[in-house]
Amino acid sequence: QVTFVESGGGLVQPGGSLRLSCAPNGTLFSRYAWGWYRQAPGNQRELVAGIVTSGRTKYADSVKGRFIISRDNAQNTMSLQMNSLKPEDTAVYYCNAGLTIPTMDRYDYWGQGTQVTVSS
């Protein structure tokens, strides 16, 4: 079973930045869309940002203008640059992949996630 391995989380003050990275621990269909999700305590997992092989991206309204998703198809990695972080960004962040951005959450490549905590 292929899963993603996420890294880069940590504790950061409001207004700060973090860069998350992830990669699958095996081979995935090369044309899959990839994406970052997050889940805060008591909340459902939500899509933060998605990216397809062409580079087209989609962001949740709550992170537009602050987060940047990128993907290196040659290196088989994906990153999420998070700027101007807010306490409400606190969550466990996960990577996943699927045929399209809207349907990625139906696929099960979830890793253990990486904790992001925004607090002063």
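Strand 9 and strand 10 (residues 114-118) pair in the antiparallel sense over three bridges, where two strands count as paired if DSSP finds at least two bridges between them. Helices (H or I, at least four residues) and strands (E, at least two) are DSSP runs, numbered from the N terminus. The structure is a predicted model, in which local features need pLDDT of at least 70 and side-chain atom pairs count only at pLDDT 80 or more, while totals for chains, interfaces and linings use all residues. Residues are numbered from 1 along each chain as its sequence is written, and side-chain values use heavy atoms, with hydrogens and water left out.

Strand 9 itself spans residues 91-98 and is mostly covered, with eight of its eight residues buried. Buried denotes under 20% relative accessible area, exposed over 50%, and partly exposed the range in between (1.4 Å probe, protein chains only).

A further set of four strands forms an open sheet in the order 1-3-8-7, with antiparallel pairing. Its edge strands, each pairing on one side only, are strand 1 (4-7) and strand 7 (67-72). On average, neighbouring strands of this sheet are turned by 15° against each other, direction ignored; axes are lines fitted to C-alpha atoms, for helices over the stretch in contact, and angles run from 0 to 180 degrees between N-to-C directions. Strand 3 (residues 18-24) and strand 8 (residues 77-82) pair in the antiparallel sense over five bridges, and L20 stands opposite L80 in strand 8.

One disulfide was found in a search of the whole structure, the criterion being a pair of cysteine sulfur atoms within 2.5 Å. It is formed by C22 and C95, whose sulfur atoms are 2.2 Å apart. The link of C22 and C95 is left-handed, with -110° about the S-S bond. Because C22 lies in strand 3 and C95 in strand 9, the pair ties together parts that are 73 residues apart in sequence. Both C22 and C95 are buried.

Rings of Phe, Tyr and Trp (its six-membered ring) pair if their centres lie within 6.5 Å; planes under 30 degrees apart count as stacked, over 60 as edge-to-face and the rest as tilted. The pair of F29 and Y32 is edge-to-face, because the ring centres are 5.5 Å apart and the planes stand at 85°. F29 counts as partly exposed at 44% relative accessibility, whereas Y32, at 10%, counts as buried. Y32 also forms an edge-to-face pair with Y107, the centres being 5.6 Å apart and the planes at 65°. This pair links distant parts of the chain, 75 residues apart: Y32 is in the loop between strand 3 and strand 4, and Y107 in the loop between strand 9 and strand 10. Y107 counts as partly exposed, at 22% relative accessibility. Ring pairs link F29, Y32, Y107 and Y109 into a cluster.

R45 lies over the face of Y94, at 4.9 Å from the ring centre. The charged end of R45 also sits over the ring of W110, 3.7 Å from its centre. A charge is taken to sit over a ring if NZ of Lys or CZ of Arg is within 6 Å of the ring centre and within 35 degrees of the ring normal.
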